[in-house]
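Hi there,

Here is the structure I promised to pass on to you. Have a look at it first, and then read on for what turned up.

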Amino acid sequence: MGLRACHDRSRRGTVVENRIKEVSVSKSFPAADSMAATGRASRPISFPLDTPPETGQCVEIAPGILWARLALPFRLNHVNIFLIEDGDGYAAVDTGIADEQTKAAWQTLLSGPLKGKRLTRLIVTHHHPDHIGLAGWLCSEFGIPLLTSQTGFLACNNISLSPNALGSDAYRAFYRAHGMSEATAETVSTQGNFYLRMVTPLPLTFFRLVAGEKLKIGSRVFDILSGDGHAPEQIMLYDASARLLLAADQVLARITPNVSVWAVEPDGDPLGLYTRSLASIAASLPEDTFVLPGHELPFYGLHTRIGEILAHHEERCGLILKATAEKPMTVADLVPVLFPRPLDPHQMSFAFSETHAHVNLLIHRENLVWERDAAGILRVVPAGR
Ligand SMILES: [Zn+2]
């Protein structure tokens, strides 16, 4: 689904949404790992509610905070939205994708559980289409302002306003140089076209949410946090008095957020940014934080989950180091090392981008270095060899 992706796993550990990532179930990483990652003993993951709200319904997940779900036409089939009491109405957090079904779902919520209340403002956590897709429509339909990070606002506009970058020779050449086939390079370099179909044009103005500042919504005061790696400057809101975190896609209970290198920033280290962001969250938020995530169920066990995610990525880095110790490998060569089963071109695009994120982390750590052959193909080898 375009530029966004959350690798999903069910309780059985199978892959849901972007289709490719095997992720271990929570039990796979011993508590010791999460303790090592966070430096503290960790509370196990638990779910206060094990059933999500029905379509068109809301659940009051915390005093004055309503939880609803919007459908997505993907294997990860929903996104969570939250509505925070805000005077005579509710501030909405995130939007769903831009399609008629999602617009109808909003109308159902407003004429049903929210009847008699108005939307006061829209907060968007990040620029992925299931979170920002309907922002333009919601803001104009209900006359409300958009609040988001500067990067989120600009990232959405960047893709929307420069469609000719998609499928450009430069992007194709990037994927080809990393060993990707012509067909897959074409698929990956034009993925933004899917994005464009899932997003309505943003309002021309927005209110910038800045990490370190506070945001008052009704009787609650949230610390504005931002995280990186899954999406740049992804906004999270933390109510310290209630120890409650709206985490967006940064920390999800059972699925590992997609972290990918894209052609626009070939040497980027999103996985390094992501792991540092997780470590910072673990160091600054308490063990008993109640997490309201962008997908799946609200949960306790923030530190445990962060430990699991960090261990998961370390494990994958270990697989890459082992494989590259044997022979030089392109990113495309390494995909089956992390994703050992047949992938169609679309699945390959996400597998490739996520594999690339692990490679770039190992380059940044100076464990690996690039070697370019006469044909311009890049392979990684152990540093210092
Ligand atoms: Zn996302």
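At what angle do helix H7 and helix H12 pack, and how far apart are their axes? Before the answer, please keep in mind that this is a predicted model.

Helix H7 (residues 182-189) packs against helix H12 (residues 345-364) at an angle of about 70 degrees, and their axes are 9 Å apart. Angles of 65 to 115 degrees count as roughly perpendicular, so H7 and H12 are roughly perpendicular to each other. On the H7 side, the contact is made by Ala-183, Thr-184, Thr-187 and Val-188. H12 brings Pro-345, His-346, Met-348, Ser-349 and Phe-352 to it. Sorted by class, the contact has 5 nonpolar and 4 polar residues, with no charged ones.

Now to the strands. An open sheet is formed by 7 strands, in the order E2-E3-E4-E5-E6-E7-E8, with mixed pairing. Its edges are strand E2 (59-62) and strand E8 (207-208), each of which pairs on one side only. Within the sheet, strand E4 (residues 78-86) and strand E5 (residues 89-93) run antiparallel and are joined by 5 bridges. Helix H4 (residues 135-142) lies across E5, strand E6 (118-123) and strand E7 (146-148), and runs at about 145 degrees to E6.

Another antiparallel pair is strand E15 (residues 368-372) with strand E16 (residues 378-382), again joined by 5 bridges. Here Glu-371 has Arg-379 in E16 as its bridge partner. The hairpin of E15 and E16 has 5 residues between the strands, and Gly-376 takes a positive phi near 85 degrees in this hairpin.

- Asp-94 has phi near 75 degrees and sits in the loop between E5 and helix H2 (100-111).
- Arg-243 has phi near 50 degrees and sits in the loop between strand E11 (234-239) and strand E12 (244-248).

Are these residues buried or exposed? A residue counts as buried if 20 or more other C-beta atoms lie within 10 Å of its own. Asp-94 has 26 other C-beta atoms within 10 Å, so Asp-94 is buried. Arg-243 has 15 within 10 Å and is therefore partly exposed.

Methods:
Residues are numbered from 1 along each chain as its sequence is written. This is a predicted model: local features need pLDDT of at least 70, side-chain atom pairs count only at pLDDT 80 or more; totals for chains, interfaces and linings use all residues. Two strands pair if DSSP finds at least two bridges between them. Helices (H or I, at least four residues) and strands (E, at least two) are DSSP runs, numbered from the N terminus. Two residues are in contact if their C-beta atoms, placed from the backbone, lie within 7 Å. Axes are lines fitted to C-alpha atoms, for helices over the stretch in contact, and angles run from 0 to 180 degrees between N-to-C directions. Angles under 35 degrees count as roughly parallel, over 145 as roughly antiparallel, 65 to 115 as roughly perpendicular and the rest as oblique. Ala, Val, Leu, Ile, Met, Phe, Trp, Tyr, Cys and Pro count as nonpolar, Asp, Glu, Lys and Arg as charged, and the others, Gly among them, as polar. A residue is buried if 20 or more other C-beta atoms lie within 10 Å of its own, exposed if 12 or fewer, and partly exposed in between; C-beta atoms are placed from the backbone.
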